[in-house]
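I am opening a notebook page on a structure that is new to me.

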Amino acid sequence: MIELRDGAPTVVWLSNDRLRLGIVPELGGRLLSLSRQDGRELLWRDENLLTDELRFRDGHVHRPVAGSLGDWVNYGGDKTWPAPQGWEGRDQWAGPPDPVLDSGAYAVTTDVRDGLATVTLTSGDEPRTGLRLRRRFELRDGGAGGDGYRLTLSALNTSGRSVRWALWNVTQLAADGEGGTLVGGPERVTRLLAGTGYPRWEQRGDATFVPHQEVVGKLGFPAATGWLSHTGDDTTLTQRFAVDPGAEYPDRGSRVEVWLECPLPEPLAELGGLNPPARIVECEVLGPLTTLRPGEETTLSIDVEVRPCAD
């Protein structure tokens with residue numbers, strides 16, 4: 001079922017008898033709510049900015065934002081960006097914030113047929129990267145497959161030059177209490193960024209576990225085999241995706257990245273004034289770096305499954 005609710009902002013609700021997804025085209029095409037039948041929210045979002053029905057809190061006005069990390073309005077949820085990130089040249093995405101791909105309005109289309117409901121979000125054309133991003137959510141009727149959805153991403157080169165980018169999907173979840181992220185694959189971990197330090201990790205069988213912890217920092221996983229799971233609040237959210245062992249990936253070969261942050265006494269000047277609003281973990285899936293000539297696109301599909309820990 002698809003329900004479009006006009007308002008400030010407009011929300012597209014996509015649901016079956018197992019899951020309910022709340023998508024806000026105006027806020028960078030974000031998925032800002034994901035819940036099971038019991039109504040328990042799985043994603044982190046800033047409740048100071050948005051209500052449970054994804055309406056703006058009194059006094060908040062959204063506008064596309066550019067600038068440094070300290071200027072970023074982090075609504076939360078699940079969003080797609082280009083990688084690699086950086087501020088040193090045109091071959092790096094200097095966001096967030098970004099007034100088109102991150103905080104710009106996305107066009108939305110919907111379709112329901114043969115038991116499959118689809119919501120497609122399309123960004124504007126971003127001149128610096130040359131990209132137009134598209135996010136397509138597919139949710140089937142209940143029954144087999146009812147506990148999950150498919151997210152298909154694409155990046156189209158709308159410029160008149162060749163560009164080289166990777167798709168980068170970022171899912172923000174609460175990092176309070178017990179829990180953490182399990183990344184499938186051998187113990188090959190790359191320390192990518194230390195705001196206050198690098199997160200600690202441990203090997204668990206054929207996967208690497210990054211527990212919730214008080215740190216601001218990021219790890220990369222160049223040997224990830226195509227799945228990661230986050231467990232918190234008695235629920236496990238698993239993402240599965242294809243990897244290309246022969247391809248080049250951004251950030252020193254990272255196919256998956258895990259970022260952790262927590263509130264600090266003052267903003268991190270070395271990270272552009274970043275001021276973490278809460279204890280958050282980002283589960284990040286990356287596609288391979290791809291050279292796109294004008295008119296070419298790259299795609300990445302992620303199958304998401306949600307289950308109680310007891311399942």
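Entry one. I looked up the contacts of Asn 169 in this predicted model, and, leaving aside neighbours within four places in sequence, I found Asn 169 in contact with Asp 78, Lys 79, Thr 80, Arg 135, Leu 151, Leu 153, Cys 283, Glu 284, Val 285 and Ile 302.

Entry two. I then asked where Asn 169 is found, and noted that the residue belongs to strand β10, which covers residues 163-174. Is Asn 169 buried or exposed? I noted a relative accessibility of 0%, and because buried means under 20%, Asn 169 counts as buried.

I went on to the polar contacts of the Asn 169 side chain, one of which joins it to the side chain of Asp 78 at 3.1 Å, while another, of 3.2 Å, joins it to the side chain of Arg 135.

Of the contacts between residues at least 6 apart in sequence, 64% join residues at least 24 apart.

Along the principal axes, the C-alpha atoms fill a box of roughly 50 × 45 × 45 Å.

Lastly I looked up the charges, and wrote down that the mean positions of the 33 positive and 46 negative charges are 4 Å apart.

Methods: Residues are numbered from 1 along each chain as its sequence is written. This is a predicted model: local features need pLDDT of at least 70, side-chain atom pairs count only at pLDDT 80 or more; totals for chains, interfaces and linings use all residues. Side-chain values use heavy atoms; hydrogens and water are left out. Contact means heavy atoms within 4.5 Å. Lys and Arg count as positive and Asp and Glu as negative; His and the chain ends are not counted. The place of a charge is taken as NZ of Lys, CZ of Arg, CG of Asp or CD of Glu. Helices (H or I, at least four residues) and strands (E, at least two) are DSSP runs, numbered from the N terminus. Buried means under 20% relative accessible area, exposed over 50%, partly exposed in between (1.4 Å probe, protein chains only). A polar contact is a pair of N or O atoms within 3.5 Å; within protein, one must be able to donate a hydrogen and the other to accept it, and residues adjacent in sequence count only if both atoms are side-chain atoms.
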